[in-house]
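The sequence and structure are shown first.

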Amino acid sequence: MKLRSMEEKISYRLFLMGFLGLIFTAVLCIFVFHKAFTAQAWTGLERQADLVSVGYGLTGDPQQLSAFVSGDLRITLISDDGNVIFESATDQPMENHLSRPEILQAMQSGVGKDIRDSQTMGYETYYYALLLPGGEILRVAQDAETMWSIYDSSIPAIVLSCVALMLAAAVLSSLLTKALVQPVLNMTEDLDHIQDNVPYRELVPFAESIHSDRILRENNEKMRQEFTANVSHELKTPLTSISGYAELIETGIAKPADIPDFARKIHGEATRMIQLVNDILQLSHLDNVSETGSEPVMETVDLLEVAKDCVERQKLNARHAYITLTYMGESALVEGNRQLLDELCQNLCDNAIRYNRPGGKVQLVTTCSRDGHCSLTVADNGIGIPREAQASVFERFYRVDKSRSKATGGTGLGLAIVKHIARIHNARIKLESQVDKGTTITVTFPTAR
Ligand code: ADP
């Protein structure tokens with residue numbers, strides 16, 4: 001998509017506004033000027049008519065009216081039947097004037113006015129008629145330049161000043177736009193401190209979102225680096241062991257009697273590595289889901305079914321650790337992805353067994369509150385988590401007791417995966433734990449639609 005220049009657009013609009021303003025002012029001036037001009041012409045004629053009517057009233061002789069003619073003032077006296085008694089412009093007999101608008105008006109209301117084209121080009125004639133006490137009508141008329149002819153003569157000056165004004169508008173609009181846009185461009189020079197460099201109030205949200213986006217990116221980058229360092233470290237330990245044992249076998253240093261034991265150790269380390277790689281893959285898959293917002297397939301899932309299957313799968317595991325594993329509760333329907341919910345339950349259950357003591361108990365409970373929020377709780381009476389570590393256990397690779405985690409096949413990623421799955425389901429996690437008493441983790445889901 002071709003992006004338009006903001007500077008050009010503002011500049012163009014400012015210029016357009018200037019241009020329209022100019023046109024509007026010109027039209028308004030013409031209108032006002034025309035009004036004033038016409039009003040003045042009528043007042044002049046009215047005065048002349050009054051003067052002539054007084055003069056005529058004194059003499060009563062139509063021929064004496066010629067004494068009042070001056071300049072281009074025309075005087076006409078018309079009888080009440082429309083015949084012209086006196087006409088200052090010509091001695092020739094004239095047609096009946098009864099049909100003239102100003103005469104008709106004067107006969108009806110005492111005064112009549114009309115404007116008609118003059119015989120002289122570019123002029124028009126103003127007619128003012130007055131009904132005299134004797135019934136005759138006195139009409140005075142005068143030519144005046146038409147509006148257009150007045151403007152005709154000044155057209156070059158008008159065009160010139162318009163062009164000059166438009167040029168000034170173009171230059172000014174371009175300068176103003178530059179002054180407006182430049183501070184916005186300057187903002188991008190120091191993106192690290194963009195919020196300290198905001199020139200306009202309206203840009204504050206924009207700057208803030210850029211700033212928080214940058215912080216988020218930096219944090220993500222930091223987290224990625226930490227994650228990579230952790231992964232490398234976690235992989236290096238089992239690989240070093242595997243390599244060490246393999247070397248002992250390869251060089252013949254290992255006695256034949258030790259080989260099965262070494263092979264078991266190699267197998268154990270390799271299994272741990274596979275588990276770690278699987279967890280990393282799962283986390284990166286969940287990261288992808290969160291970042292792209294592409295929801296996994298959601299369906300109605302009964303948490304009681306999830307708990308039941310989970311107990312079924314962990315039964316053997318629990319028996320080996322001498323743990324009693326049970327589930328109870330009511331049918332709890334939530335909107336979710338069955339596979340992910342199975343994994344969430346599996347991870348919680350696995351931890352509850354691993355961080356427990358022989359003879360301990362693990363119970364899975366499903367409930368639904370009155371407002372429709374259903375939850376899955378995994379409670380154990382195991383070793384518990386110290387208060388200060390409770391906030392960190394959901395972080396990647398965080399372990400309270402690293403050697404115990406490793407010895408029991410932990411990767412340090414189980415609860416991070418749980419947190420991710422809960423987030424994808426908009427579910428809340430609550431952790432309650434007391435050292436030596438046990439841990440209860442409750443995952444509460446939003447109301448199913
Ligand atoms: P791991 O693979 O080490 O178990 P997790 O992410 O599942 O990693 O758990 C992180 C840490 O939280 C564990 O190492 C352990 O110290 C602690 N933890 C998790 N669940 C429990 C629990 N039920 N009881 C006691 N400690 C727990």
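In this predicted model, 13 of the 17 residues of helix α7 are buried, so the helix is largely enclosed by the rest of the structure. Buried here means a relative accessible area under 20%. Helix α7 covers residues 338-354, and at 1.5 Å a residue it should span 24 Å; its end C-alpha atoms lie 24 Å apart, in agreement with that expectation. At the start of α7, a side-chain oxygen of N337 comes to within 3.2 Å of the backbone nitrogen of Q339.

**Nonpolar cores**

The largest nonpolar core has 49 residues, and the members that touch the most others are L303, L325, L348, V362 and L364. Two or more residues each are given to this core by α4, α5, α6, α7, β9, β10, α9 and β12. Helix α7 provides the largest share, 8 residues. In soluble globular proteins, nonpolar side chains tend to be buried together.

Leaving aside residues up to four places away in sequence, L303 touches A332, V334, L341, T366, C374, S375, L376 and F445. Another core, of 17 residues, lies apart from the largest one and includes Y56, L73, L130 and L138.

**The sheet**

Five strands form an open sheet in the order β7-β9-β10-β12-β11, with mixed pairing. At its edges stand β7 and β11, each with a single partner strand, so one side of each is left without a neighbour in the sheet. Direction ignored, neighbouring strands are turned by 10° against each other on average. The residue ranges of the strands named with their limits are as follows.

| Strand | Residues |
|---|---|
| β7 | 324-329 |
| β9 | 361-368 |
| β10 | 374-380 |
| β12 | 438-444 |
| β11 | 428-434 |

Strands β10 and β12 pair in the antiparallel sense over 6 bridges, and L376 stands opposite V443 in β12. Helix α6 packs on the sheet, where it touches β7, β9 and β10; the direction of α6 makes about 170° with that of β7.

**A residue of helix α5**

K265 is placed in helix α5. With a relative accessible area of 36%, K265 is partly exposed, because that class lies between the limits of 20% and 50%. K265 and F445 are 180 residues apart in sequence, and their C-alpha atoms are 42 Å apart in space. F445 is also one of the residues touched by L303.

Key. Residues are numbered from 1 along each chain as its sequence is written. This is a predicted model: local features need pLDDT of at least 70, side-chain atom pairs count only at pLDDT 80 or more; totals for chains, interfaces and linings use all residues. Side-chain values use heavy atoms; hydrogens and water are left out. Helices (H or I, at least four residues) and strands (E, at least two) are DSSP runs, numbered from the N terminus. The expected span of a helix is 1.5 Å times one less than its number of residues. Buried means under 20% relative accessible area, exposed over 50%, partly exposed in between (1.4 Å probe, protein chains only). A polar contact is a pair of N or O atoms within 3.5 Å; within protein, one must be able to donate a hydrogen and the other to accept it, and residues adjacent in sequence count only if both atoms are side-chain atoms. A nonpolar core is a set of buried Ala, Val, Leu, Ile, Met, Phe, Trp, Tyr and Cys residues joined through side-chain atoms within 4.5 Å. Contact means heavy atoms within 4.5 Å. Two strands pair if DSSP finds at least two bridges between them. Axes are lines fitted to C-alpha atoms, for helices over the stretch in contact, and angles run from 0 to 180 degrees between N-to-C directions.
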